[in-house]
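Have the coordinates open while you read.

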Amino acid sequence: MKKQEKQNTARRDFLRGALAAAGGFALAGCRQTEDPYALNRPAVPGTAGYGTHQEKWFSSACSQCWAGCGIRVRVVEGRAVRIDGNVAHPINRGTLGPKGQSGLQVLYHPDRFKGPVRRDGPRGSGKWTPVSWDTAIGEIGKTLQDIRSRGESRGVLLLDGEPRGMMRDLWSRFATVYGTPNHVDHRAASDGGKLLAMAYMHGVPEIPAYDWNSTGYVLGFGASLFESWCQSIHFMRSSSALRRNMPGKRVKFVQISPRHSTTASRADEWVDINPATYGALALGLSHVIVRDGLCDQEFVKDHTFGFEDWTDAAGKKHRGYKDLLLTDYPPEKVSKITGVSKKTIERLARELVDHRPAIALADGGAAAATNGLGTAMSIHALNALLGNIERPGGMVVQRPAPYAPWPDAGPDEGAKKGLASERLDGSGASRLPLAHGCIQALPDAILAGAPYAAQAAFLYRSNPAFSKPGGKRWTEAFQKIPLVVSFSPLPDESTFQADFVLPDRTYLERWEVVEPVPSVGHPIVSFRQPVVEPLYDTRATGDVLIQIAKAVGGPVGDAFPWDTWRKAVEERLQSLLNVEDSSIVAGKLSDLRKGMEKDSGWWSPGFKFEQWADAFRTPSGKFEFYSQEIARKLAAVPDLERELTARGVVTRGDDLCLPHWELPRFSGSAAEFPFTVAAYRGIEYAEGGSRHVPWLREISLPRRDAWKQRVELHPDDAKELKLAAGDTARVETPAGSARMSVAIIPGMRRGMIGIPLGQGKWPPKPDDTDPSGGYALLANAMDPLAGILTLQETRARITREKRT
Amino acid sequence: MNPTRRDVLKTVVAAVGAAALGAGEALAAEPAKKKRKWGMTIDLDRCTACQACVVACKSENNVPCAGPDQMPLDRGIYWMDMLAIHEGSHPEGRSQYLPTPCNHCENPPCVKVCPVGATFQSEEGIVGQIWARCIGCRYCTTACPYSRRYFNWSDPVWPEEMKNHLNPDVATRPKGVVEKCTFCHQRIRAVQEKAKVEGRELEDGDFRKLPACAQTCPAEAIMFGDMNDPDSTVSELGRSPRAFRLLEDLGTRPKVVFLREAKWKE
């Protein structure tokens, strides 16, 4: 285009603004064949199916967090231009959070991989050369085949960021038939505490759902309900209704946290507490409830195990939860530990009882501590004492979607041998007897090559080199693994270590059925469909995994008989046909799909309370204060006493199987590191962060810190350190150091610094020596038995740095 | 069509509506052919400060991102912004978050100072900006007591691929002009056109969640509608004892009404 012409176009753009503003009309409808007003937009595939200015709306499901909200996407001439909530969908009812709103910037992100690539240079160089899908899949299949034929299948690591649903099942199937115990998710570093409390006390390894809409009281232990909580959208709707939709009635929400977070400021009451002492407070509240005879006697008697002292079949006497509470956690003692006054403890306990049904809950972050499992169990046990489990207005066990599993594909002999091996992360073995996976333990194990060497790693929705402490350790660990494959659509720190990148499609380009995070209790399936043609030469990872399995061949390939991922999904969808009391009662798959395409999903809204068999799948068939599963697992540890001593666990005997509290263990001495780090996940955080999405970067508060990594300080602390807002400071912890921008937040506790996670630099650079995002500052410490990563127990010092 | 509703509109507006919205409203002069008067209510007791409204607005109205260079200079543009107000400090501190669109004042100071007539007030009460007429003098940004007007310090920049998600219903703005919230007037026009084609009268439900911010709000804190209709959601909420407007003593008469936050009481 000539220069003059270009200027004219700019001028016309200018005028167009005037037309729209003055006339108020949309631009649509005045386009000529040769459109001088057209935006200078790049070509996209799929425009052929559209007429000029033609728009179509598609229903689908969001994937920006695990909430599984239904969305409606407006597509004009093949370009997605708007995402709204789907009014039909029971989780969000037409609303949508900030992450969901910014999905378009994920779809049209300029840094996306345009097709499969192979590494072209040393690991971490970030140099790629295009490769064909067939070659890549063929080579990966061949390597996996070799590994398996050498009998080393157990050395294949599947790092899977999808916490539930069919995609997770597909990875799990692959792990089983291939023969590796190392299908590792990220939950030890996110909601691991809650998950394990449920697994041990309910026998159900899934986080709880809540009957928000008819509850009478909500007590949050560091629950970031209005921030990065996967049930946030649903809870925001509910909290709003709990406050304002019932004339004359308002449900109280109390937030307990050391940091005066957004959630704390929006709560009816905020209770300040010392870091990592939530468990002690929960036990103190329980003490008051039990001491005053206020617990739900009937529920405790009929539906719980281990409340009173008891004797087992062998005649051995065991301590009951009641005795533990009454003896060990009087309010005076709890007040000293937590810093919450005795008066407040007594009052909160009374309020909980007086406003039943009440919900006591923690989020993953609150139970993310070296005393995490005991903390999560203590908080959860409050619900049982109040009799608010499986009852209206209380905590309920999420009912899974009723789809049948795929036909069983049993492992062959080789696979069985691999599956029987100890997991590389040590979970389930004597290293971490109570863990259900411990992703942060992997780098050490990989680098040590013990108990065995890692042969290959697959990264699906995973970037541990960024989103876990010790990023550099991860980088080193990846360099020891002969084959690393990443499915990430965008470059990231872990992907830089990959030999192949097989880019996944974004959620607006693929067909999928997803299981939302538990929120309402009744079964919900969200439905996702492509709203635009795939922009690049990408493939959905479900398809690629099936193709890789076929390339491995033998029994592995046989277990994946489907041509496409979609066929595999549809096979299981069959079981949703003719389900009465569901949103779509369809006799044919095509009708079911049509309904789901409209509503963004399928659900079965009728919820029956008090389904004890669903709620308690423990050995006793009851809610277990005393977890027999924990007892069984600990009994299997050789020389438990020595192990406990070696790890500094103080608790002994029955108390280990009951809700209990251990002293937090801070990394770094208070003398050297005077501050405690409060690492938190803000509303813009999704798993691994959202640092690549401009819209989400720019909702940072304070605004001027958008795009920076910030450290938050109390005004008086800042004054003492001679730091002003916007200054650059160096934050040092025993784990690492980083330059950060100072933000002065009056709600910060003195002696504590707030660090929002996931806000690292973008684009990531291969040669970046400090891939931070906040995680690099955190000590890689965890619950010594359950493997829950701590986010609360790192100390830091902070010094002023000259502006550069 | 609902005759009862129509009757209400015709007769009751003048009396009740005017009383609710303050005396001396011009609407009483035209009871038969009453104009719409667009307004918004924002319930701070519902709001959770999630900022979905902020992102929804940016997406709907093609508001450019400022980027790492411009943000520290406070050059970010937010037609819908989130103000964080902190009082006191830990452990006594409290924080308040206010979603703040343009107030679309009935007595807008910005309109008075514009030397070229680029800023105007529409018949339906929307304070608009004609970008082509704007000379970038920034008198209006100074006159606005709420800082709800933004100057484009540079041409809007999107990475090439991200141009695809621009909303075709809203033009982008060039360097050197002031821009602001329009109450999503493109959506208002669209729904009015559609109703005309369908031959039906618009109802409160058509507007309640019409602007992008109101539509997305998970807590349903933002409501939109006709303040001349005494039965509209915004009129009803506007009569709440919790209702207040920002800097009311300035006499700007904002049409964005906030509802005070409440706390649980025994």
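Predicted model: local features only at pLDDT ≥ 70, side-chain atom pairs only at ≥ 80, totals over all residues.

**A helix pair in chain A**

Take helix α19 (residues 541-552) of chain A and helix α21 (residues 565-573) of chain A: their axes come within 8 Å and cross at roughly 100°. Which residues of α19(A) and α21(A) meet? On the α19(A) side they are Gly542(A), Asp543(A) and Ile546(A), and these meet Trp565(A), Arg566(A) and Ala568(A) of α21(A). Sorted by class, this helix contact has three nonpolar, one polar and two charged residues.

**Where chain B meets chain A**

Now for the interface. Chain B puts 74 residues into the contact, and chain A puts in 80 residues. Together the two chains bury about 6,700 Å², with carbon and sulfur atoms giving 57% of that area. On the chain B side, His90(B), Asn164(B) and Trp264(B) lose the most area to chain A, and together they make up 13% of what that side buries.

| Kind of pair | Where | Count |
|---|---|---|
| Polar contact (both residues at pLDDT 80 or more) | interface of chain B and chain A | 34 residue pairs |
| Salt bridge | interface of chain B and chain A | nine |
| Salt bridge | whole structure, over all chains | 87 |

One salt bridge to click on is Arg243(A) with Asp45(B), where the closest N and O atoms are 4.0 Å apart. Arg243(A) lies in helix α7 (residues 232-244) of chain A and Asp45(B) in the loop between β1 (38-43) and α2 of chain B, so this pair joins two chains. As background, side chains of opposite charge can pair when their charged atoms come close.

Which parts of chain B supply the side that touches chain A? At least two residues each come from α2 (52-60), α3 (67-70), β2 (81-87), β3 (94-100), α6 (185-198) and α8 (212-216) of chain B. Of these, α2(B) gives the most, with seven residues. By class, the side of chain B that touches chain A has 36 nonpolar, 18 polar and 20 charged residues.

Terms used. Residues numbered from 1 in each chain as written. Chains lettered and ligands numbered in written order. Heavy atoms only, no water. Contact = heavy atoms within 4.5 Å. Buried area = accessible area lost by both parts, 1.4 Å probe. Salt bridge = Lys/Arg side-chain N within 4 Å of Asp/Glu carboxyl O. Polar contact = N/O pair within 3.5 Å; in protein donor to acceptor, adjacent residues only side chain to side chain. Helix = DSSP H or I, 4+ residues; strand = E, 2+ residues; numbered from the N terminus. Nonpolar A, V, L, I, M, F, W, Y, C, P; charged D, E, K, R; others polar. Axes fitted to C-alpha atoms, helices over the stretch in contact; angles between N-to-C directions.
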